[in-house]
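Colleague: I'm new to this one. Please take me through it.

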Amino acid sequence: MEIVLILLAVLVVLGGTAALVATRRRGRGVELEPPPTRPLPSRPTRPAPPVERDEPGSTIVLEPEPDVVEAPPEPEVEVVEAPVRPRFRDRISKARGAFSGFLGRSTIDEDTWDDLEESMIRADVGVGLTGDLLAGLRTAVKAEGIKEPADLTELLKAELKARLEADRTLELADTPPSVWLFVGVNGVGKTTTIGKVGAAQAAEGRTVTMAAGDTFRAAAAEQLGLWAERSDAHFVRGGEGADPSSVIFDAVEAAAARGSDLVLADTAGRLHTKSNLMDELRKVRRVAEKGAGTVSEVLLVIDATTGQNGLVQAREFTEAVEVTGVVLTKLDGSAKGGIVLAIQHELGIPVKLVGLGETADDLVPFDPDEFVEALLS
Ligand SMILES: Nc1nc2c(ncn2[C@@H]2O[C@H](COP(=O)(O)OP(=O)(O)OP(=O)(O)O)[C@@H](O)[C@H]2O)c(=O)[nH]1
Ligand SMILES: [Mg+2]
């Protein structure tokens, strides 16, 4: 009897265990499904690097991202708002291309140095500055025992950034109106630049007067008039062939009377002979300050696609008027970019603004760090 009871007890225990195991299995069967869902929690960590490396300037875009982390299409919606400011990287492909040979090197040998020298010359850095930079780099590579081309590139970037250090503020006079004169040979982009600068200054809350000091041809004043309309600037012009100095003088007086903060004065890029143009500009500079205004910037506009020729122009203009900054236009397209370095090295004049295209948003303050990174990566 006892034996029967024991057997019964054993059977009950075994049955219970079997039932338990069966339930667990069933349970596991359900649990087996989550694995497909398991990778999901790991997804949010993916967008964690929304700090995409080719997204340098757009910190504003990046801030809201943690909230949209799980919805891949949304970041794209955010990106649409940001690219108001054109990026060097997208616009200076020609200049970047000049360095592709050097950047593709896997060792630092004589060929690497030759490649670097050739790249710099091709990028319009100029022979003098290229020699200077290479000598410094060779010494540093030896002294620091640098073996990797990537480290040499970093050294080059640091050197270029150091050489581009400058104050790029666009100066305003203590008492308005400030006068910014735009000078440069014909076709470089003076009038367009004034239009863009006027729009930017108006957006910053300044009242602007544009002065059509290029009286060489009537169309020049009409072109400036259109830009003035677009940015709601006051506009002063003279008749065709009028004395540029007197047009600018009148504009300054009108600006003072209306309480304008800033006079942007266009000038002719050509006269009958070059010496006349320089004399004319000297006079314009003098007369612009005869009244209530102060000339706080003389901006030399240079077309980057003219390469080393731009340097020759810059020398002539700096001799005639005290140039305070360069506006380098057309850095997009076929420009090679190294001219930025050459100008600052040869003339000690900082490039303050660069034109990366034809629309009003395409004139941007020159950012040396962004420029160098775009050039060498
Ligand atoms: N791609 C590009 N084109 C530009 C840029 N800046 C100006 N341009 C173009 O260059 C041409 C000449 O520009 P203007 O502003 O008329 O030049 P300017 O120096 O006033 O010329 P003159 O009045 O003849 O002395 C125009 O077609 C502009 O649209 C730029 O940064 N990039
Ligand atoms: Mg013009």
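Modeller: A term to begin with: two strands pair if DSSP finds at least two bridges between them. Strands (E, at least two residues) and helices (H or I, at least four) are DSSP runs, numbered from the N terminus. The model is predicted, so local features need pLDDT of at least 70 and side-chain atom pairs 80 or more, while totals for chains, interfaces and linings use all residues. Residues are numbered from 1 along each chain as written, with chains lettered from A and ligands numbered from 1 in the order written.

Colleague: What stands opposite Trp180?

Modeller: Glu297, in strand 5. Strand 1 (residues 178-183) and strand 5 (residues 294-303) run parallel, joined by six bridges.

Colleague: In what order do the eight strands of the open sheet come?

Modeller: The order is 3-2-4-1-5-6-7-8, with mixed pairing. Strand 3 and strand 8 (363-365) are the edges; each has a single partner strand, so one side of each lacks a neighbour in the sheet.

Colleague: New topic. Which residues of helix 14 are buried?

Modeller: Ala220, Ala221, Leu224, Trp227 and Ala228. Buried takes 20 or more other C-beta atoms within 10 Å of a residue's own, exposed 12 or fewer, with C-beta atoms placed from the backbone.

Colleague: Why are they on the same side of helix 14?

Modeller: Because they cover an arc of only 120° around the axis, taken from the directions from the helix axis to the C-beta atoms. On the other side of helix 14, Ala219, Glu222, Leu226 and Glu229 are exposed.

Colleague: What comes just after helix 14?

Modeller: Asp232, which takes a positive phi of about 60°.
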